[in-house]
Amino acid sequence: MKAIQLNAFGEADVLGLSDVEVPVPRDEEVLIRVSAAGVSFVDVRQRLGVYNQASTRVGGISFPHVPGSQAVGTVVALGPTANRALHGRKVVAHVRKGAYAEYLIAPGPDCVVVPDDADEAVLAAIPMQGLTAYCLLTASTVLKAGESILVHAAGGGVGSIAVQIAKIMGAGPVIATAATPEKRDYALAMGADFAIDYERPDWPSQVLQATGGRGVDVLLESIGGDVFERNFECLADFGRCVIFGSARGPGKPVEPRRLMTRCQSLAGFYLPVLYDDVERTSQGLQFLVDHVVAGNINVRIAEEIPLAEACRAHRMLEGREVIGAVVLRP
Ligand SMILES: NC(=O)c1ccc[n+]([C@@H]2O[C@H](COP(=O)([O-])OP(=O)(O)OC[C@H]3O[C@@H](n4cnc5c(N)ncnc54)[C@H](OP(=O)(O)O)[C@@H]3O)[C@@H](O)[C@H]2O)c1
């Protein structure tokens with residue numbers, strides 16, 4: 001089969017198309033013929049080798065490596081103890097690796113059956129990016145109805161889904177940030193009540209204005225750099241800031257005692273910690289699929305790209321060109 005295989009860390013052109021053996025499912029695993037695989041910023045960071053640095057304290061990868069952690073496709077073979085009912089069904093899968101390929105092995109319990117006529121491209125952007133958004137708001141903190149929330153980079157995959165989940169949970173106001181007018185329009189179309197340009201130096205005061213001067217109860221932080229410090233200008237008393245990315249680098253060291261005087265909390269989130277928590281991840285994936293099918297969660301597919309051009313998809317994400325998500329089509 002054709003697969004994108006990584007044999008070294010580096011720029012996007014390390015993502016070469018290779019011929020590899022079709023994998024054989026073992027135990028509870030299933031073999032999925034992939035129809036669409038979602039591309040995420042995590043794939044970019046992994047390709048750059050960021051997760052293989054001791055300083056990140058997170059798990060790395062070994063070569064050769066087929067990237068990709070989210071896909072949609074049809075189950076075509078089963079491991080000896082896999083759930084027989086999955087055979088022939090269209091599923092979404094959240095996996096640790098391997099989705100940039102014509103065939104993918106996934107643990108059966110990590111697959112959720114979807115209707116045959118469901119939008120494959122939209123669902124392909126859901127498993128990893130959607131689970132991140134879902135778990136940020138249900139595990140790292142619990143967003144309550146009526147609470148205000150700030151979602152940074154809401155023009156991207158995780159951010160745009162987080163906006164929609166926050167609305168489903170009854171939060172408000174839901175405030176989005178994004179760097180371009182097109183991305184801000186997209187965040188508003190996804191349900192955000194306000195969309196703010198966080199390249200403008202006065203963005204924290206705009207957040208304060210949108211919350212009647214209180215600041216937000218929950219803040220989803222994936223940017224880092226200069227943005228990290230400024231978050232505290234618009235976090236409410238008892239506000240919870242959840243860190244799950246560092247697109248602009250880590251920023252300055254944190255002084256924990258600054259949290260005390262305003263009763264604030266800082267939490268972290270890293271999806272691989274939940275890899276073995278099948279109950280939570282299955283529940284999250286089912287929630288996401290149900291809401292996509294019901295039309296409450298949508299993802300704009302910026303482009304569907306042939307598998308062989310995975311490097312172009314990565315360049316689009318690195319160039320911050322993508323509004324919504326890009327998916328690969330084998
Ligand atoms: N902790 C976890 O388990 C976990 C899981 C999934 C994702 N993540 C993180 O969550 C974030 C969003 O992931 P995603 O897949 O949704 O990404 P995405 O679709 O590529 O969106 C990322 C957004 O970040 C903003 N950004 C700011 N500075 C950037 C830079 N230097 N390079 C690229 N983008 C930049 C861009 O928005 P503007 O152009 O509007 O600034 C972009 O739309 C990433 O930081 C990713 O690493 C973490």
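In the predicted model, the contact between helix H3 and helix H4 is made on the H3 side by Gln129, Gly130, Thr132, Ala133, Tyr134, Leu136 and Leu137, which meet Gly157, Val158, Ile161, Ala162, Ile165 and Ala166 of H4. When the residues of this contact of H3 with H4 are sorted by class, 9 are nonpolar and 4 are polar, while no charged residues take part. Helix H3 spans residues 127-140 and helix H4 spans residues 157-168, and their axes come within 8 Å of each other and cross at roughly 50°. With axes that cross at roughly 50°, H3 and H4 are therefore oblique to each other, and the crossing in which H3 passes H4 is right-handed.

Helix H3 also packs against helix H8, in this case at an angle of about 110° and with the two axes 9 Å apart. Because angles of 65 to 115 degrees count as roughly perpendicular, H3 is described as roughly perpendicular to H8. From H3, the residues that make this contact are Pro127, Gly130, Leu131, Tyr134, Cys135, Thr138 and Ala139, and from H8 they are Arg280, Thr281, Gln283, Gly284, Leu285, Phe287 and Leu288. By class, the contact of H3 with H8 comprises 8 nonpolar residues, 5 polar residues and 1 charged residue. Gly130 and Tyr134 of H3, which are listed in the contact with H8, are also listed among the H3 residues that meet H4.

A further helix pair is formed by H1 and helix H9, the latter covering residues 310-318, and here the axes come within 10 Å and cross at roughly 105°. The contact involves Phe41, Asp43, Val44, Arg47 and Leu48 of H1, together with His314, Leu317 and Glu318 of H9. The residues of this contact of H1 with H9 divide into 4 nonpolar, 1 polar and 3 charged.

The cavity search returned 1 cavity of 30 Å³ or more, and the volume of the largest cavity is about 30 Å³. The lining of the largest cavity consists of His94, Pro109, Asp110, Leu131, Thr281, Ser282 and Leu285, and these lining residues fall into 3 nonpolar, 3 polar and 1 charged. Helix H8, which runs over residues 278-294, gives the most to this lining, with 3 residues. The lining includes Leu131, Thr281 and Leu285, and these three residues are also listed in the contact between H3 and H8, where Leu131 belongs to H3 and where Thr281 and Leu285 belong to H8.

Several features of the backbone were also identified. The peptide bond that leads from Phe63 to Pro64 is cis, with omega near -10°, and Pro64 is placed in the loop between helix H1 (41-48) and strand E4 (70-78). A cis peptide bond is likewise found from Gly172 to Pro173, where omega is near -5°, and Pro173 is located in the loop that lies between H4 and strand E9 (174-178). Phe238, although not a glycine, has a positive phi of about 65°, and this residue lies within strand E12, which comprises residues 235-243.

Definitions and conventions:
Residues are numbered from 1 along each chain as its sequence is written. This is a predicted model: local features need pLDDT of at least 70, side-chain atom pairs count only at pLDDT 80 or more; totals for chains, interfaces and linings use all residues. Side-chain values use heavy atoms; hydrogens and water are left out. On a 1 Å grid over the protein atoms alone, a cavity is a set of points where a 1.4 Å probe fits but cannot get out, and a pocket is an open set with protein on both sides within 12 Å along at least five of seven lines; lining residues have an atom within 4 Å of a point. Grid points are joined across faces, edges and corners, and a volume is the space filled by probe spheres set on the points. Helices (H or I, at least four residues) and strands (E, at least two) are DSSP runs, numbered from the N terminus. Ala, Val, Leu, Ile, Met, Phe, Trp, Tyr, Cys and Pro count as nonpolar, Asp, Glu, Lys and Arg as charged, and the others, Gly among them, as polar. Axes are lines fitted to C-alpha atoms, for helices over the stretch in contact, and angles run from 0 to 180 degrees between N-to-C directions. Angles under 35 degrees count as roughly parallel, over 145 as roughly antiparallel, 65 to 115 as roughly perpendicular and the rest as oblique. A crossing is left-handed if the near helix is turned anticlockwise from the far one by less than a right angle, and right-handed if clockwise. Contact means heavy atoms within 4.5 Å.
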